[in-house]
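Subject: Structure handover

Hello,

Here is the structure you are taking over. Please open it first, then read my notes below.

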Amino acid sequence: MTEIVPVSGPELVTYADELAALLVETVENGSSVGFLAPLERGTAAEWWRARAASVDADGLRVWIARDGERVAGTVALVRAPLPNARHRAEVAKLMVRPSARGRGLGRELLAAAERAAAEDGVTLLVLDTETGSPAERLYRAAGWTECGSVPDYAAGPDGVLKPTTFYYKAVGRVTDGPAG
């Protein structure tokens, strides 16, 4: 049975090696998540450990999907740091091990981030993904709205520039803020 749990900064450090294995596997399978292949596991683990301070400072929230003792997936929610953007956040690094795909785990992780964002008072979520990737089906099915694509926005794991599509979703309760 898979369990989705939020992780604290110290827990993120504890899970860094497992998350690194997930990240390396994701990159090796051709998913565009910000890294080029070949990605060394030690580099990936250090990247995860470096995020712990942001988790502790409440600028970043991370969830993992545990399948027994193994990390089967993850998702992050990045809070906007500016005062006029406190109502929005970015969904980032949604990854599911290739061997765990097709069972709804990506949707469960995405839903966990959406629920937490709404509970935190976030009313607008944004994300981006490689245009034409399987992730686009997930986001559309989960009610996300495409708002445009940018050609050559990011390099895939092979270093080739590819277009990126941006999505948004309203969550929580939208309230009128002060004018001006």
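The notes go from the whole fold to single residues.

**Ground rules**

This is a predicted model, where local features need pLDDT of at least 70, side-chain atom pairs count only at pLDDT 80 or more, and totals for chains, interfaces and linings use all residues. Residues are numbered from 1 along each chain as its sequence is written, and side-chain values use heavy atoms, with hydrogens and water left out.

**Overall fold**

The protein has 6 helices and 7 strands. Helices are DSSP runs of H or I with at least four residues, strands are runs of E with at least two, and both are numbered from the N terminus. In sequence order the pattern is β-α-α-α-α-β-β-β-α-β-α-β-β.

The radius of gyration is 16 Å, which agrees with the value near 16 Å for a compact globule of 180 residues. That radius is taken over C-alpha atoms, and the globule rule is 2.2 Å times the number of residues to the power 0.38. Along the principal axes, the C-alpha trace spans about 50 × 35 × 30 Å.

Of the 180 residues, 39% are buried. Buried means under 20% relative accessible area, exposed means over 50%, and partly exposed lies in between (1.4 Å probe, protein chains only). Contact means heavy atoms within 4.5 Å. Among contacts with a separation of 6 or more, 60% join residues 24 or more positions apart.

The accessible surface comes to about 9500 Å², and carbon and sulfur atoms hold 51% of it. These areas come from the Shrake-Rupley method with a 1.4 Å probe; for residues, only the protein chains shown count as cover.

There are 20 positive and 24 negative charges, and their mean positions are 3 Å apart. Lys and Arg count as positive, Asp and Glu as negative; His and the chain ends are not counted. Each charge is placed at NZ of Lys, CZ of Arg, CG of Asp or CD of Glu.

**Two helices**

Helix α2 covers residues 16–28. It has 13 residues and reaches 18 Å from its first C-alpha to its last, close to the expected 18 Å at 1.5 Å a residue. The expected span is 1.5 Å times one less than the number of residues. Buried residues in α2 include L19, L22, L23, V24 and V27. The buried residues of α2 pack against α1 (9–14), α3, β2, β3 (70–79) and β4. Just after α2, G30 takes a positive phi of about 90 degrees.

Helix α5 (residues 105–119) has 15 residues and reaches 21 Å, close to the expected 21 Å. Its buried residues include L105, G106, L109, L110 and E114. Just after α5, G121 also has a positive phi, about 90 degrees.

**Backbone points to check**

Most residues other than glycine have a negative phi, and most peptide bonds are trans. Which peptide bond is cis, with omega near -5 degrees? The bond from A37 to P38. P38 sits in the loop between α2 and α3 (41–50). P38 counts as exposed because its relative accessibility is 80%. P38 and D158 are 120 residues apart along the chain, with C-alpha atoms separated by 8.5 Å.

D58 is not a glycine, yet has a positive phi of about 70 degrees. D58 lies in the loop between α4 (52–56) and β2 (60–67). At 51% relative accessible area, D58 is exposed.

K93 is not a glycine either, and its phi is positive at about 50 degrees. K93 lies in strand β4 (residues 88–96). At 23% relative accessibility, K93 is partly exposed.

A92 is buried, with a relative accessible area of 17%. Leaving out residues up to four places away in sequence, A92 touches V75, A76 and V78. A92 and P10 are 82 residues apart in sequence and 20 Å apart in space, C-alpha to C-alpha.

Is E136 buried or exposed? E136 counts as buried, because its relative accessibility is 6%. E136 is placed in helix α6 (residues 135–141). Beyond its neighbours within four places in sequence, E136 is in contact with T129, E130, T131, T165 and Y167.

Best regards
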